[in-house]
Amino acid sequence: MPNERILIARIGAPHGVRGEMRLFVFAQDPGALLDYRPLTDEAGRRHFELAALRPAKDHFVARLKGVDSREAAQALTNEGLFVARDLLPATEDEDDFYQADLIGLAAVTTEGAPFGKVVAVHDFGAGDILEIAPEQGGKTLMLPFTRAVVPTVDIRAGRVVVDPGEWAREEAPPPEADRG
């Protein structure tokens with residue numbers, strides 16, 4: 001079952017002293033964010049309403065109704081803004097998908113061998129990263145979400161094809177002289 005709420009923006013640090021905040025928007029049309037109601041937290045418990053939105057250098061500056069101080073804006077730093085899936089436009093073809101649709105997909109190698117399961121999609125500022133729980137267990141792996149590393153996304157089949165290469169190799173053990 002697809003995720004019912006889709007992350008559409010993330011609140012950043014406060015901007016100024018009157019409650020404005022940086023906003024990182026993940027929608028193709030950032031202006032549409034003003035039309036989506038309600039915006040909620042991930043659980044759907046807290047509701048937010050945008051009062052204003054304007055572009056800045058590499059983000060937007062937003063004002064939420066009821067947030068009138070720097071301290072109130074600071075308290076919301078890193079909060080995700082979610083919208084109900086049924087309020088978003090349908091994807092136009094099988095190559096279009098929401099990032100939330102990737103979570104839970106099986107990851108298989110280019111040879112078809114089981115590799116793991118997608119547990120999260122991250123963006124730490126340098127592009128999207130898939131976090132994959134390995135098939136054999138252990139620490140999750142972070143793979144760049146690029147065509148070279150993830151050549152195929154097949155939502156209908158419930159899988160992504162990965163070519164992890166160097167990204168999945170374990171760190172080399174320390175030289176003998178460094179072992180105690």
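Predicted model: local features only at pLDDT ≥ 70, side-chain atom pairs only at ≥ 80, totals over all residues.

Residues are numbered from 1 along each chain as its sequence is written, and side-chain values use heavy atoms, with hydrogens and water left out.

**Fold and surface**

- The protein has one helix and 13 strands, where helices (H or I, at least four residues) and strands (E, at least two) are DSSP runs numbered from the N terminus.
- Along the sequence these elements follow the pattern β-β-β-β-β-β-α-β-β-β-β-β-β-β.
- Of the 180 residues, 34% count as buried, with buried meaning under 20% relative accessible area, exposed over 50% and partly exposed in between (1.4 Å probe, protein chains only).
- The accessible surface comes to about 11,500 Å², of which 49% belongs to carbon and sulfur atoms; such areas come from the Shrake-Rupley method with a 1.4 Å probe, and for residues only the protein chains shown count as cover.
- Among contacts (heavy atoms within 4.5 Å) with a separation of 6 or more, 48% join residues 24 or more positions apart.

**Nonpolar cores**

- A nonpolar core is a set of buried Ala, Val, Leu, Ile, Met, Phe, Trp, Tyr and Cys residues joined through side-chain atoms within 4.5 Å.
- In the largest one, which has 24 residues, Ile 8, Leu 23, Leu 33 and Leu 39 touch the most other members.
- Strands S1 (5–14), S2 (21–25), S6 (60–64) and S7 (80–84) are the elements that give two or more residues to this core, and S1 gives the most, with four residues.
- A second, separate core of 15 residues includes Leu 105, Phe 115, Leu 130 and Val 162.
- Thr 109 touches Phe 115, Val 161 and Val 162, not counting residues up to four places away in sequence.

**Backbone details**

- The peptide bond from Arg 37 to Pro 38 is cis, with omega near -5°, and Pro 38 is found in the loop between S2 and strand S3 (39–40).
- Asn 78, in the loop between H1 and S7, has a positive phi of about 75° although it is not a glycine, and at 54% relative accessibility Asn 78 counts as exposed.

**Confidence**

- The mean pLDDT (the predictor's confidence in each residue, from 0 to 100) is 84, and 87% of the residues reach 70 or more.
- Confidence is lowest in strand S9 (residues 114–123), at a mean of 87, and highest in helix H1 (residues 70–74), at 96.
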